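Good morning, and thank you for joining. I would like to take you through one structure, helix by helix, and I ask that you keep the display in view as I speak.

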Amino acid sequence: MASRPSQQELNEYREEATAWFSENIPAKPDFMMPLTFMEVGTDQQFHFLVDWQRKVYEAGYLGAAWPREYGGGGLNQAFQDVATDVMRRLGSPIMLNTIGLNWAGPLILDMGTEEERRRYIRGILTAEDIWCQGFSEPD
């Protein structure tokens with residue numbers, strides 16, 4: 001695990017992230033943007049959000065604290081917290097792969113095999129692999 005950064009390092013990272021998102025958050029599209037992953041209902045919305053998630057990942061602002069050997073940034077969680085706060089504050093579009101990013105990915109990192117980590121983690125971050133969760137009820 002990466003060591004805790006200084007407040008100065010976090011402030012500099014916040015400035016860099018703010019500049020990047022200020023320049024790169026896309027203009028409002030000519031279709032309704034979902035506010036949650038559960039509201040994605042059209043191919044147009046889906047592809048827009050896949051492209052956005054991939055762009056954020058490639059800039060280093062998604063998966064910042066996930067291990068580098070699986071496609072993450074290898075940084076301390078505090079850096080991801082800063083990037084997430086900047087995205088929220090500036091009104092960034094949502095990250096489409098919520099289940100992968102918040103549930104499946106962390107579980108695979110914690111309990112998965114080495115093969116599973118290498119197979120799934122990068123695809124979760126890039127939105128190449130979109131994860132879902134299914135439920136079944138008795139009867």
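**Helix packing and buried faces**

Let me begin with a pair of helices: α1, residues 7–24, and α3, residues 77–90, pack at an angle of about 40°, their axes lying 9 Å apart. Please bear in mind throughout that this is a predicted model. The crossing of α1 and α3 is right-handed. On the α1 side, the contact is made by Glu9, Leu10, Tyr13, Arg14, Ala17, Thr18, Phe21 and Ser22. From α3 come Ala78, Phe79, Val82, Ala83, Asp85, Val86, Met87, Arg89 and Leu90.

I turn now to α1 itself. With 18 residues at 1.5 Å a residue, α1 should span 26 Å, and its end C-alpha atoms are 25 Å apart, which agrees. Which residues of α1 are buried? They are Leu10, Tyr13, Ala17, Trp20, Phe21 and Asn24. These residues cover an arc of only 90° around the axis, and therefore sit on the same side of α1. Their packing partners are α2 and α3. On the face turned away from that buried side, α1 carries the exposed residues Gln7, Gln8, Glu15, Ser22 and Glu23.

Next, α2, which comprises residues 43–58. The buried residues of α2 are Gln45, Phe48, Leu49, Val50, Trp52, Gln53, Val56 and Tyr57. What covers them includes α1 and α3, together with α4, residues 98–111, and α5, residues 114–126. Just after α2, Gly60 takes a positive phi of about 95°.

Finally, I would draw your attention to a proline. Pro106 lies in helix α4. Is Pro106 buried, exposed or partly exposed? Its relative accessibility is 32%, so Pro106 counts as partly exposed. Leaving aside residues up to four places away in sequence, Pro106 touches Trp66, Gly100 and Leu101. Between Pro106 and Met95, the separation is eleven residues in sequence and 16 Å in space, taken from C-alpha to C-alpha.

Thank you for your attention; I would welcome your questions.

Key:
Residues are numbered from 1 along each chain as its sequence is written. This is a predicted model: local features need pLDDT of at least 70, side-chain atom pairs count only at pLDDT 80 or more; totals for chains, interfaces and linings use all residues. Side-chain values use heavy atoms; hydrogens and water are left out. Axes are lines fitted to C-alpha atoms, for helices over the stretch in contact, and angles run from 0 to 180 degrees between N-to-C directions. Helices (H or I, at least four residues) and strands (E, at least two) are DSSP runs, numbered from the N terminus. A crossing is left-handed if the near helix is turned anticlockwise from the far one by less than a right angle, and right-handed if clockwise. Contact means heavy atoms within 4.5 Å. The expected span of a helix is 1.5 Å times one less than its number of residues. Buried means under 20% relative accessible area, exposed over 50%, partly exposed in between (1.4 Å probe, protein chains only). The arc is that of the directions from the helix axis to the C-beta atoms.
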